[in-house]
Amino acid sequence: MLRSVLSLSIVALCLLSARPGAAEPQVTTFTLENGLRGVVIEDHRAPVATHMLWYRVGGADEPPGETGVAHYLEHLLFKGTEKYPEGAFTRIVAENGGQQNAFTSSDYTGYFQRVAVDRLELMMELEADRMTGILLTDEDAALERNVVMEERNSRIDNEPGGRFREQLNRALFLNHPYGAPLIGWRSEIMALGRENALSFYRRFYSPDNATLVVAGDVDPAEVEAMARRRYGPIPASGAHPEERPQEPPHVAARRVEMEDPRVAQPYMMRFYLAPSVRTGAPGEGAALTVLASVLGGSGVTSRLGQRLQVETQTALGASAFYRGVQRDDTIFGVYAAPVDGVTLAEIEAVVDTVIAEFIKTGPTEEELARAKTVIIAAEIFAQDSQQSLANAYGAALSSGLTLEQIQGWTDRVEAVTAEDVRKAAEAYLKPERSATGWLQKPAPVVEAENQTDDDAEEGPKG
Amino acid sequence: MSGQMRKVSTAFAALTLLVLISVATQARAVSAEIIQAVSPDGVAFWLVQEPSIPIVSVEIGFRGGASVEPEGREGVVNLLSGMLDEGAGDLDAAAFSRRRDELAARYGFSSGRDAFNVSAAMLSRNLDESVELLRLALTEPRFDDTPLARVKAQVVAGLRRREIDPGDVAGDLWSSNAFPGTAYGRNPDGTIESVSALSADDLRAIMPKALNPASAYVGIVGDIDVDAAGALVDRLMGGLPSSEPETFDPLEVKAPASLEVVRMEVPQSVALFGHEGILRSDPDFIPAYVMNYTLGGGGFTSRLFDNVREKEGLAYSVGAYLSPRDRAGLYIGQVASSNDRIARAIELIRAEWTRMAEEGVTPEELEAAKKYLTGAYALRFDSNAKIAGALVGVQMEDLGVNYIRDRNSLVEAVTIEDIKRVAKRLLKPEALHIVVVGDPEGLEAAN
């Protein structure tokens with residue numbers, strides 16, 4: 001979707017380093033005098049380039065009470081500057097056969113264009129101009145706030161699952177701003193205006209807070225020279241996002257139960273607080289990645305799939321996921337949707353049993369090997385798309401990983417042992433580190449004559 | 001049950017591989033050559049060699065899709081797409097999945113109103129084994145009871161979700177109003193009732209129709225030479241029984257000139273609007289495509305985007321597009337706005353529809369459209385998987401192997417008079433059929 005928020009999606013971790021022997025993407029880096037970091041990924045298959053500028057600032061860096069301002073600002077960056085006024089940016093990109101968009105996450109905000117390679121410097125010119133030059137009227141700001149509200153309607157409020165996952169996410173994080181919705185709480189979006197956006201912009205949009213990623217049919221030295229011409233003159237700000245408030249020890253399991261008549265398929269979802277690749281001890285992120293694959297990665301062969309979908313036939317679907325590329329402690333999640341006639345309590349009990357058993361035994365050698373094969377092959381398949389390559393490098397670097405960590409990823413995964421995976425499960429899949437959510441329809445209204453005292457005590461439902 | 005599919009394609013004697021045409025495409029689009037070839041067994045395929053990454057992508061399109069379904073078996077082709085990787089040959093569902101993961105192969109099966117598609121991405125280092133597993137899925141799927149029950153339940157769950165999703169409800173109602181009583185009037189995934197009743201025998205019965213090599217189109221891109229590609233095609237297709245391809249009659253678009261409201265308690269209404277469009281084979285298709293870039297197709301730059309989103313902030317997404325299906329063409333669009341603003345959004349869309357019909361585009365707009373469309377065409381060819389998809393798409397639309405080379409000249413040749421003519425021919429603001437799902441204010445069903 002246009003100018004989108006990266007939703008809380010279930011994404012496989014892909015850090016992009018090829019296994020020895022496979023063709024590796026040619027990656028070159030540089031840093032300009034003003035602190036702008038550059039990454040060039042060569043892909044000479046087609047005469048096109050992907051140009052991305054990533055700011056190391058996102059939803060988790062918003063001032064209290066201003067949730068959504070990072071994403072709102074992302075929208076406003078399309079409004080124009082003195083040099084390229086209203087609509088000029090969009091028009092110039094389109095007239096040069098370019099496609100463009102932008103995205104916001106908790107840790108970063110990114111802007112990109114895909115163009116014929118001979119238009120690359122023009123894209124740098126435009127992107128550098130709006131790093132410091134946007135002009136905003138109150139009217140623009142008010143209008144765009146309505147657009148963001150419609151985006152929130154589409155993504156969150158029109159669908160029970162959107163509101164449910166927003167609540168579950170808030171329940172997991174006791175203190176860290178990752179708990180707030182990226183798009184913003186409705187009431188706080190309503191209160192955003194020109195000044196909130198500009199203050200965030202002036203504080204964080206600067207070359208020393210940004211990473212330039214260029215992928216395509218390019219020469220790294222030429223890209224660096226272009227970047228120096230276009231981005232080089234912008235002074236560093238010296239202001240960086242502050243450390244975010246971190247999580248206190250989690251000592252109590254949390255539960256979120258939501259009922260909505262529009263739920264078509266009930267499901268349970270549990271989020272555990274887990275270290276990210278950046279915050280974990282060396283190898284822990286790789287072990288958690290393998291854990292997600294073995295526990296709930298590939299349909300019916302995973303532990304959850306085998307038990308819930310094949311043996312007990314209690315689930316329509318079951319999976320596990322890990323959002324490893326995050327600056328701070330992150331989410332390891334499990335999900336299960338019961339078949340008709342099975343309750344959420346029943347399916348949660350099966351999930352709990354699978355996890356408890358896994359913590360005792362860990363993965364088999366066969367499971368371990370298969371998971372590694374799939375994770376490592378993903379790095380090879382990713383090379384087919386220059387945009388995915390650019391995305392993976394941009395996201396990892398903007399989340400605080402180093403180039404060495406990115407390029408050593410395959411070795412990290414290879415080195416994971418069965419005991420590493422078991423230990424990661426034991427350490428992090430603990431009830432007190434979790435928030436468990438149930439989403440379902442309200443129970444059918446009970447006829448008055450059948451109502452017992454117990455029912456009455458539960459209070460009105462539906 | 002395996003063993004029911006027999007190798008039939010002996011009509012084509014094993015020829016030596018014949019390379020018919022080799023076209024160097026325009027540098028701005030695909031820099032590689034498209035090799036148009038025929039396998040030893042006589043199956044035509046298109047190949048682009050790309051040795052720089054150790055992957056082979058294969059795309060197969062079978063014409064037909066949900067259109068081959070007999071009455072009462074709606075959704076069987078979609079169910080087939082969900083069952084091919086749930087066990088084949090000696091491998092049950094779990095064993096198949098484990099084997100696929102060991103090979104790190106990726107297989108995708110999907111079906112729509114007009115086609116069934118197979119997409120595979122395989123590693124060069126174990127290509128033979130990966131092709132063999134895909135062959136097994138295509139020719140000897142098992143359809144065991146346990147996975148069949150599970151996949152049916154998943155499809156049914158998806159159909160239930162459609163019933164509460166405003167966009168899906170709007171789409172389904174729009175289609176059934178436009179094509180009453182025909183294959184295009186139904187959701188290609190079937191209905192809860194029809195899918196619940198489907199059996200393994202139904203899947204077996206539909207296979208020769210849904211996966212008929214005589215209506216298949218093949219594109220291969222990657223680290224493979226033409227001989228190996230020919231052998232690959234024969235291995236995949238050799239076990240599929242071939243028969244005379246089914247033909248499908250054109251369908252009339254009967255969407256009424258009306259606005260229909262479906263009440264649903266959601267904060268935002270979704271509106272689907274449109275009327276008859278144009279077939280891909282129509283000589284006016286390219287002018288119509290260029291015209292629609294300005295009206296509703298051009299992302300951030302279309303008139304609909306500019307008026308509905310940029311000027312009034314009424315929506316996050318709004319757009320319109322030509323939908324040229326095999327049996328009918330549609331011109332449709334969608335917008336989502338808060339219940340109190342959807343009426344205004346629809347009013348603006350109608351006004352733009354009218355303005356384009358009456359005035360066409362300005363010379364500046366035409367120039368901008370051409371610059372974007374010709375410049376961005378290369379972006380459709382920047383990955384092996386995209387190229388493989390394009391190779392099949394061009395074959396299925398019967399555009400000819402030179403199309404990728406010539407396409408930008410076709411766009412360049414469009415004149416302002418062409419646009420005026422097709423705008424007048426296609427755009428019928430008074431004929432728009434609009435379905436609104438939500439709790440809209442100030443909109444009542446009207447004929």
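I started with helix α11 (residues 344-361) of chain A, which lies across β9 (267-274), β10, β11 and β12 (434-440) of that chain and runs at about 125° to β11(A). A reminder to myself: this is a predicted model.

Next I looked up the sheet under discussion. It is open, has five strands in the order β8-β12-β9-β11-β10 (chain A), and its pairing is mixed. β8 (254-259) and β10 of chain A are the edge strands; each has a single partner, so one side of each has no neighbour in the sheet. Ignoring direction, I find neighbouring strands turned by 10° against each other on average.

I then followed β10(A) to its partner. It pairs with strand β11 (residues 330-338) of chain A in the antiparallel sense, over seven bridges. In β11(A), Phe332(A) is the residue opposite Tyr322(A).

On to the two chains: I count 52 residues of chain A in contact with 56 residues of chain B. On the chain A side, α2 (88-95), β6 (109-116), α4 (138-157), α10 (303-311), β10 (315-322) and α12 (365-382) each supply at least two residues. The largest share, nine residues, comes from α4(A). By type, I get 20 nonpolar, 21 polar and eleven charged residues on this side of chain A.

Last, I checked confidence. The model scores ipTM 0.87 and pTM 0.90. Chain B averages a pLDDT of 91, with 92% of the residues scoring at least 70. Over residues 1-29 of chain B, though, pLDDT stays under 50, and the model has 65 contacts beyond four places in sequence for them. Where pLDDT is low, predicted coordinates should not be read in detail.

Technical notes
Residues are numbered from 1 along each chain as its sequence is written. Chains are lettered from A and ligands numbered from 1 in the order in which they are written. This is a predicted model: local features need pLDDT of at least 70, side-chain atom pairs count only at pLDDT 80 or more; totals for chains, interfaces and linings use all residues. Two residues are in contact if their C-beta atoms, placed from the backbone, lie within 7 Å. Helices (H or I, at least four residues) and strands (E, at least two) are DSSP runs, numbered from the N terminus. Ala, Val, Leu, Ile, Met, Phe, Trp, Tyr, Cys and Pro count as nonpolar, Asp, Glu, Lys and Arg as charged, and the others, Gly among them, as polar. pLDDT is the predictor's confidence in each residue, from 0 to 100. Two strands pair if DSSP finds at least two bridges between them. Axes are lines fitted to C-alpha atoms, for helices over the stretch in contact, and angles run from 0 to 180 degrees between N-to-C directions.
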